[in-house]
Every structure is written in C-alpha cells, then in structure tokens.
Amino acid sequence: MAKRDEADRDRTDRDRVNEDREIPGCCCHQKATPRDQEKLKQLKNRLSRITGQLSGISRMLDENRYCGDILVQVAAVESALQSFGYLVLQEHMETCVVEEIQKGNVAVVDEAVELMKKLK
C-alpha cells in the first residue's frame, strides 16, 4: 500500500486532469469543444492528399522508379504532414489549452510545450 501512495504523490496535476478526460479503452483524450465542421473538412482534405501522396510513393516503388524521385516525394509528404501537425497544434492552443487555463489548469502549458518539441 505504501508504494501505491508514493506513486500517487509522484503523479502530476496534469496526470490527474488527463485521467478525467480519457476515453475508456483508448489512450486518447476527447476534445471538450467539438471542431468546427469547416475546419474538420479542411483537416480531412489535407490528410486525404497526404494519403494520396503516400500511395503515389508506393506505386513508385512498385514501378522501380529512381531513388532520387522517390526521395523528393518523401520530402513533400514530410512537409505536408508537418504543416498538418502545425495546424492541429494551432487549434489545440486556441481551444484546448485556452479552455484548460481558464479552468485554472496551468499544467496544460507543460503539455503544450512537450507537444511542440515533438513536432519540431
């Protein structure tokens, strides 16, 4: 029992808040504010284009295309995916982070910083 109490003390406030937002059976969280339908459509369209680019790279491999041409397409997909990530991060900052700060959860700032580091 002592080990459990010690582990509970080691958890951060952010961990406790995130537990409340977790979806059972999922490692993800649910947005408190739903995405605007137009933004959702734009994000999905971007993902569809990226998926198309990935399929194109797969076809290039099947066709035994020149490595340099494939690498150019890989760079294009990486750039598109990074841009997509920045859009999601912007939305996260403008909605989720602002809402959590308004609720008094300033630990969400640490989470946002870690997310930014991951996108680099």
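The legends below describe close-up views of a predicted model. Residues are numbered from 1 along each chain as its sequence is written, and side-chain values use heavy atoms, with hydrogens and water left out. Local features need pLDDT of at least 70 and side-chain atom pairs count only at pLDDT 80 or more, while totals for chains, interfaces and linings use all residues.

**View 1. Glu91 and Arg35 form a salt bridge.** A salt bridge is a side-chain nitrogen of Lys or Arg within 4 Å of a carboxyl oxygen of Asp or Glu. In this pair the closest N and O atoms are 3.1 Å apart. Because Glu91 lies in helix α4 (residues 67-102) and Arg35 in the loop between α2 (13-21) and α3 (37-62), the pair ties together parts that are 56 residues apart in sequence. Helices are DSSP runs (H or I, at least four residues), numbered from the N terminus. Glu91 is buried, at a relative accessible area of 7%, whereas Arg35 is partly exposed, at 33%. Here buried means under 20% relative accessible area, exposed over 50%, and partly exposed in between (1.4 Å probe, protein chains only).

**View 2. Asn64 lies in the loop between α3 and α4.** Phi of Asn64 is near 60 degrees, a positive value in a residue other than glycine. Most residues other than glycine have a negative phi. Asn64 is exposed, with a relative accessible area of 70%. A salt bridge joins the side chains of Glu63 and Arg65, at 3.5 Å from N to O; Arg65 is partly exposed, with 39% relative accessibility.

**View 3. Helix α4 bends by about 40 degrees at His92.** The bend is the angle between axes fitted to the seven residues ending at a residue and the seven starting there. The end C-alpha atoms of α4 are 51 Å apart, in agreement with the 52 Å that its 36 residues should span. That expected span is 1.5 Å times one less than the number of residues. Among the buried residues of α4 are Gly85, Leu89, His92, Val97 and Glu99.

**View 4. The largest nonpolar core consists of seven residues.** They are Leu43, Ile50, Ile57, Met60, Ile70, Val77 and Phe84. The elements giving two or more residues to this core are α3 and α4, and α3 supplies the largest share, four residues. A nonpolar core is a set of buried Ala, Val, Leu, Ile, Met, Phe, Trp, Tyr and Cys residues joined through side-chain atoms within 4.5 Å. Leaving aside its neighbours within four places in sequence, Leu43 is in contact (heavy atoms within 4.5 Å) with Arg35, Phe84, Leu87, Val88 and Glu91.

**View 5. Lys103 forms a salt bridge with Glu100.** The closest N and O atoms of this pair are 3.5 Å apart. Lys103 is exposed, with a relative accessible area of 60%, whereas Glu100 is buried, at 5% relative accessibility. Just after α4, Gly104 takes a positive phi of about 95 degrees. Across the whole structure, a search finds five salt bridges.

**View 6. Cys67 is exposed, whereas Cys96 is buried.** The relative accessible area of Cys67 is 57%, and the relative accessibility of Cys96 is 13%. The count of disulfides, taken as pairs of cysteine sulfur atoms within 2.5 Å, comes to zero.
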